[in-house]
Amino acid sequence: MPQASECIDSRQRTGQPWNDMHPEALESMSSLRGDERGKGSMLSKASQVFILTDENIAPFWLPEVEYWLGCENAIEIVIRPGEQHKNLQTVQRIWKTLMKHHADRNALLINLGGGTITDLGGFAASTYKRGIKFINVPTTLLGMIDASIGGKTGIDFGGAKNQIGTFAEAEEVIVDPVFLETLPTRELLSGLSEILKCGFIADSNLLNVSLENYQQYIARCGEIKHEIVAQDPTEKGLRKVLNFGHSLGHAIESHCLTTDYPLLHGEAVALGMLGSLWLSVKQLGLNETVLQDFAKQVPMLLSESEIALSEADIEPILGYLVHDKKNKGETMQFVLLEAVGKPVWDVMVDNDTIKRSLEYIINEYGKQ
Ligand SMILES: NC(=O)c1ccc[n+]([C@@H]2O[C@H](COP(=O)([O-])OP(=O)(O)OC[C@H]3O[C@@H](n4cnc5c(N)ncnc54)[C@H](O)[C@@H]3O)[C@@H](O)[C@H]2O)c1
Ligand SMILES: [Zn+2]
C-alpha cells in the first residue's frame with residue numbers, strides 16, 4: 001500500500017477521485033473533501049478553533065484536515081493514544097489548554113480521531129463553560145458508524161468504562177472513509193463487530209460484512225444509528241438496542257484492560273454479542289442457527305487479538321457487570337434478540353444464567 005502522505009499529496013494536487021469506495025455509500029456521506037475548504041464559513045463563525053487528535057493520527061492527517069477545513073491556524077491539542085487516556089486527567093489537559101488560550105463560549109473544538117477522541121473531546125467541549133460547539137471527524141471505522149454519532153460523550157472513571165459523561169450532539173459529523181487507509185487491520189476488525197451489531201438489531205444484510213466489503217455498509221450503519229437516536233435521544237427505551245452485546249462486552253473489555261491481553265472495544269463486543277446470542281437462544285427462543293453462524297465469524301473478528309481468557313476471569317467480569325449502567329440495583333438487564341432485526345430491551349437475566357453465558361464464551365474462544 002502506498003504511504004498515506006503520498007496518497008494525500010497526489011489526490012490533493014491532481015483532483016483525482018478520492019477513493020475506491022462504493023458510490024452509494026459515498027453519496028450519503030458528508031465528505032470532508034467533497035467541498036474542499038467549504039467548511040470554512042462555519043469555522044469562521046467561531047471565535048477560535050481548537051483541534052483535538054492523538055499522536056498516531058496527527059502525523060498522517062492533522063495538516064491535511066486543517067487544510068481541507070481551512071483552519072491552518074487552529075490550536076492543536078495532541079494527546080497520547082488509547083483507551084487508557086480516556087480519563088479525567090486528559091480532560092483537564094484539554095480544559096487547561098482552552099483556558100490558557102482564553103477560549104470563550106463561541107470557541108469550536110474539532111475532534112479528529114476514533115471513539116476515544118470523540119468521546120473525550122465531546123465531553124470536554126460539552127462541559128467547558130457549560131458547553132462549546134464541537135465537530136466530530138471520525139478516523140476509525142467504529143467511529144464512523146457508531147461513536148461519533150448520537151451525542152453520547154464520556155470518560156472512564158474508577159476503573160470502569162464510560163462512568164462519567166454527557167449527552168451532547170456534535171454540530172456536525174464529517175465522515176470520510178479516506179482515513180481508513182492508515183487504520184491498522186485490528187482496528188478495522190473492531191469496527192466490523194459494530195457493523196454486525198447493526199445487522200443483528202436492524203438489518204440482516206449487514207451480517208454479510210467482511211474485510212473485503214465493509215465500505216459499502218458504513219452509510220447504512222450511520223443511518224440506523226441516526227434513526228434510533230432520533231426516536232430516543234436520551235435512551236429511555238428503544239436506544240438501548242444499540243447496546244446489544246455491550247453489557248457483557250464492556251465487562252469483558254474493562255476486565256481485560258487490567259490484564260496483559262487487553263481487547264479492543266469491538267473485539268470485546270464480539271464476545272459480548274456471542275454471549276448475548278447464547279442468552280437469546282435460551283431466553284427468547286432465538287433460532288440457534290443465528291448463534292452458530294456468528295460463532296463462525298468470531299475467529300475472524302478476534303484474529304488479530306491475543307485472547308487468553310480462562311474460568312478464573314469469570315468472577316472479575318461478573319464484578320464489572322454490576323457497574324454497568326444498564327443494571328438496576330441487584331437485577332441484570334440485557335438487550336436480547338427474538339430474531340434478527342427484532343431486539344428486545346430490559347430483559348431480566350439471573351446471575352446463574354449470565355455466568356453460564358460467560359462459560360460458553362470462554363469455552364468457545366478463551367483458549368485460542
Ligand atoms: N459515544 C458513543 O456512542 C460510543 C460508541 C461506541 C464506542 N465508543 C467508544 O469509542 C472508543 C473506541 O473507539 P475506536 O475503536 O474508534 O478506537 P480509538 O479511538 O481508541 O482508536 C484506536 C487506535 O487507532 C488509532 N487511529 C485512529 N484513527 C486512525 C487512523 N485513521 N490511522 C491510524 N491510526 C488511527 C488511534 O490512535 C488508536 O491508537 C471506546 O472508548 C468506546 O467506549 C463510544
Ligand atoms: Zn460499541
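Residues are numbered from 1 along each chain as its sequence is written, and chains are lettered from A and ligands numbered from 1 in the order in which they are written. Because the model is predicted, local features need pLDDT of at least 70, side-chain atom pairs count only at pLDDT 80 or more, and totals for chains, interfaces and linings use all residues.

**The sheet**

Helices (H or I, at least four residues) and strands (E, at least two) are DSSP runs, numbered from the N terminus. Two strands pair if DSSP finds at least two bridges between them. Five strands form an open sheet in the order β2-β1-β3-β4-β7, with parallel pairing. Its edge strands are β2 and β7 (172-173), each of which pairs on one side only.

Strand β1 covers residues 49-54. Burial is a neighbour count: a residue is buried if 20 or more other C-beta atoms lie within 10 Å of its own, exposed if 12 or fewer, and partly exposed in between, with C-beta atoms placed from the backbone. Six of the six residues of β1 are buried, so the strand is largely enclosed by the rest of the structure. In a regular strand, side chains alternate between the two faces of the sheet. In β1, Val49, Ile51 and Thr53 point one way. Phe50, Leu52 and Asp54 point the other way.

What joins β1 to strand β3 (residues 108-113)? Four bridges do, and the two strands run parallel. Val49 stands opposite Leu108 in β3, and Ile51 has Ile110 as its bridge partner there. Strand β2 (residues 75-79) also runs parallel to β1, joined by five bridges. Here Asp54 is partnered by Ile79. Together, β1, helix α4 (residues 57-69) and β2 make a right-handed β-α-β unit. Right-handed means that, with the strands pointing away from the viewer, the path from the first strand over the helix to the second runs clockwise.

**The hairpin**

Strands β8 (residues 332-339) and β9 (residues 342-349) pair in the antiparallel sense over six bridges. Phe334 has Val347 as its bridge partner in β9. Two residues lie between the strands of this hairpin, and Gly341 takes a positive phi near 85°.

**Helices**

Helix α9 (residues 218-231) has 14 residues. From first C-alpha to last it reaches 21 Å, close to the 20 Å expected at 1.5 Å a residue. That expected span is 1.5 Å times one less than the number of residues. Its buried residues include Ile218, Arg220, Lys225 and Val229.

The axes of helix α10 (residues 246-257) and helix α11 (residues 265-284) come within 7 Å and cross at roughly 135°. Axes are lines fitted to C-alpha atoms, for helices over the stretch in contact, and angles run from 0 to 180 degrees between N-to-C directions. The two helices are therefore oblique to each other. Angles under 35 degrees count as roughly parallel, over 145 as roughly antiparallel, 65 to 115 as roughly perpendicular and the rest as oblique.

Ala251 sits in α10. From Ala251 to Gly272 the C-alpha distance is 8.6 Å, across 21 residues of sequence.

**Single residues**

Most residues other than glycine have a negative phi. Lys129 and Glu235 are listed here with their positive values.
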